[in-house]
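Me: Please walk me through this model, one question at a time. I'd like to start with the backbone and then turn to the pockets and the ligand.

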Amino acid sequence: MGSYSKASVASAKTAIFRIAAFFSLLVAVWVFIQSGIPFALALDMKIERAIWIQTFSGWFFVMASGWLLYLLVHRTLTAISSAEEDLKLRDRAIESSVSAICITDNLAPDNPIVYVNPAFARITGYSSQEVLGRNPRLLHGADLAQPELITVRAALHDQRPCHVVLRNYRKDGSMYWNELNISPVRNDAGVVTHYIGVHSDITAAKTHQDELARQANHDSLTGLPNRNLLRDRIDHACARTRRYGDFAAVAFLDLDNFKVVNDSLGHSLGDHLLRAVAARLESSLRAMDTVARMGGDEFVLVLSDQKSEQSVSGELQRIVELFSQPFAVDGRDVFITASVGVALYPQDARDPESLMKSAELAMYRAKESGRNAYQLYTVEMQTRVTERLALESRLRRALERGEFSLHYQPQVDLRSKRIFGCEALMRWKQADLGTVSPAKFIPLAEETGLIVPIGEWVLRTACRQCKFWQDAGLPAVTVAVNISARQFREKNFLQLVAAILAETGLAPRRLELEVTESVTMHDAQNMIADLQAFRDMGVSLSVDDFGTGYSSLSYLKRFPVDRLKIDQSFVRDLSTDADDAAIAQAIITLGHSMNLRVIAEGVETPEQLAFLRRNQCDEMQGYLLGKPMPADEFGKLLESGRTLAP
Ligand code: C2E
Ligand code: MG
Ligand code: MG
């Protein structure tokens, strides 16, 4: 390095700079010329400064233009590669879509398929080779009458999108539900070149949806239509009737004693029986008729197209007779009958609810009149119901309004001829209705449960009255009070009687409870213990209306009762009807053989009395001795010391 002088190094540097500056100037000038920007160069006398400036700006321009060029190329390449990526992505999306995609060429004749994705093959079973070049209608099979196809054709004609659900058919011929979206594809000139169809197999969802709809309208046990669908069917039958001028029948069918059968068979076999009944009813009806299950053992039949009341009667007789054959339930034969009530459209009622109500009412009549029968609805049935409802609401208020009173009917001992007791009988005096017979309101009070508070009032009033006569120094008597089954089954009935006796101060042996055979025979085994409890308390018991129910003699023997009351229906015709006389005689003998006293009710004539005396009847009660009378009158009768005429 020593052979070079400082000056020669400096001048070499300057030369290199000058050459570099010159070239950069040239490049800068060239760049400026290329970019078309006008420029001027001021040449400084001090050329070096100018050269420095030019060198600097020259480099700057070289770098800037290089950078710009790089950016330009980079951007272009990126754009090209992302467009390619997009395309690939779309391709992959279409190929992996779960919906089938089918593209048709609208410019070619008959709109042939030009592309299908793999899902298309999966759903339809056709490979792409099998469908390319063919019109998509191959999926409709022979099912060309679907209304949705009209929608599709109209949309294609108008070149607009459409959305339909179609029945389509796979290559193997099986049907599937296709939710189809078709969209036209236009080119830059707005011409529809293709159609894209997106197909989704919604069979599973639709089946589920249909099943839900079916469940909402059908009974799960029997598969019959339920209440919901029934209303529809009745509406339908009524509409038909209006069009053809005939009439429709709504029949309410209830199995007789199903509860007993169900309890004895067990509930699972009970269900079998209901299914067997449903199947038999269904198979006996025409396709246009309906049988629905209302729940429990209740069915409703809708019979349309009925020409006359006779044709309905014939039809119903046939339905009742369907039950004459046993039902096969789990390998055994089960017999069951049905009671049917029928209402006709349009004469009996005009809407489904009222038709069913009227038919149900008629069904209850069929039950009352002995079951295993049908009964047509009549207007009187409704009148009865309305009257009963009115009576019920009055009955509910009667107690608090003090409308009840008790009458007392004397009972006499046939040997001593002395009055030994009385029966307390209710009277209801009602402001608008006058005096209502207990025969009318007691059954209603029993059904509604009102008998419980009313019966308590009777017991208390009768005991208080009896104690009152006793305290007034009148001859001692017993008071007999009628007790309904419902009262007897009340949990605390025994305690109630004890409390009333304690409260009124009446000696228990002065009270007698009259119960009917149905009370004693219901759950006879448990009844014995209940009756014994009263016996232990000192209260006596009698069986009222004896001979009208179904007493089991073996139970009767074990019942701790004191007295049998021969029902007045046998006493009425004692002297004229040999059968009644024989029954009365038999009851007296039976009672005596069991060490019971026997009293005859409803004795009105001396002939009846003579018969009873001849046959050793112990006691009697009836108009012959005295009608039921108010308490003060009975008090006077006791005071008078009157006895039965010899
Ligand atoms: P029952 O207990 O058999 O009462 C006898 C019925 O026969 C009474 O009718 C009585 O008035 C009537 N009778 C009595 N002697 C004669 C007669 O010589 N000839 C005729 N034809 N009838 C006679 P009533 O008072 O109308 O009572 C009817 C039924 O109502 C009673 O029949 C009884 O079952 C029920 N009942 C009355 N009061 C009560 C009560 O306080 N509680 C309950 N649970 N039932 C009652
Ligand atoms: Mg009685
Ligand atoms: Mg009686």
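Reply: Gladly! Helices (H or I, at least four residues) and strands (E, at least two) are DSSP runs, numbered from the N terminus. This is a predicted model, where local features need pLDDT of at least 70, side-chain atom pairs count only at pLDDT 80 or more, and totals for chains, interfaces and linings use all residues; side-chain values use heavy atoms, without hydrogens and water. Residues are numbered from 1 along each chain as its sequence is written, while chains are lettered from A and ligands numbered from 1 in the order in which they are written.

Me: Where is Asn 372 found, in terms of helices and strands?
Reply: Most residues other than glycine have a negative phi. Asn 372, however, has a positive phi near 50°. Its place is the loop between H11 and strand S12 (374-376).

Me: Is the peptide bond from Tyr 345 to Pro 346 cis or trans?
Reply: Most peptide bonds are trans. Pro 346 belongs to the loop between strand S11 (338-345) and helix H11 (352-368). With omega near 10°, the bond from Tyr 345 to Pro 346 is cis.

Me: Which element gives the most to the lining of the largest pocket?
Reply: A pocket is an open set of points on a 1 Å grid over the protein atoms alone, with protein on both sides within 12 Å along at least five of seven lines, and lining residues have an atom within 4 Å of a point. The largest pocket has 42 lining residues, with Glu 423, Leu 425, Asn 482, Asp 544 and Asp 545 nearest its centre. Elements giving two or more residues to this lining include strand S14 (419-430), helix H13 (438-448) and strand S18 (540-546). The top contributor, with 6 residues, is H13.

Me: How much space lies in the second largest pocket?
Reply: This pocket is lined by 22 residues, and those nearest its centre are Asn 135, Pro 136, His 140, Val 152 and Leu 156. Helix H5 (147-158) is one of the elements that supply at least two lining residues. A volume is the space filled by probe spheres set on the grid points, which are joined across faces, edges and corners. For the second largest pocket that comes to about 420 Å³.

Me: Which element gives the most to the shell around ligand 1?
Reply: The shell has 21 residues (a heavy atom within 4 Å), and the closest are Gln 409, Asp 544, Gln 568, Glu 604 and Tyr 623. S14, H13 and S18 each give two or more residues to it. The largest share, 4 residues, comes from S14.

Me: How far is an oxygen atom of ligand 1 from a polar side-chain atom of Asp 545?
Reply: Polar contacts here are pairs of N or O atoms within 3.5 Å. A nitrogen atom of ligand 1 makes one with the side chain of Ser 484 at 3.0 Å, and an oxygen atom makes one with Arg 427, also at 3.0 Å. For Asp 545, the distance to a ligand oxygen is 3.2 Å.

Notes: On a 1 Å grid over the protein atoms alone, a cavity is a set of points where a 1.4 Å probe fits but cannot get out, and a pocket is an open set with protein on both sides within 12 Å along at least five of seven lines; lining residues have an atom within 4 Å of a point. A polar contact is a pair of N or O atoms within 3.5 Å; within protein, one must be able to donate a hydrogen and the other to accept it, and residues adjacent in sequence count only if both atoms are side-chain atoms.
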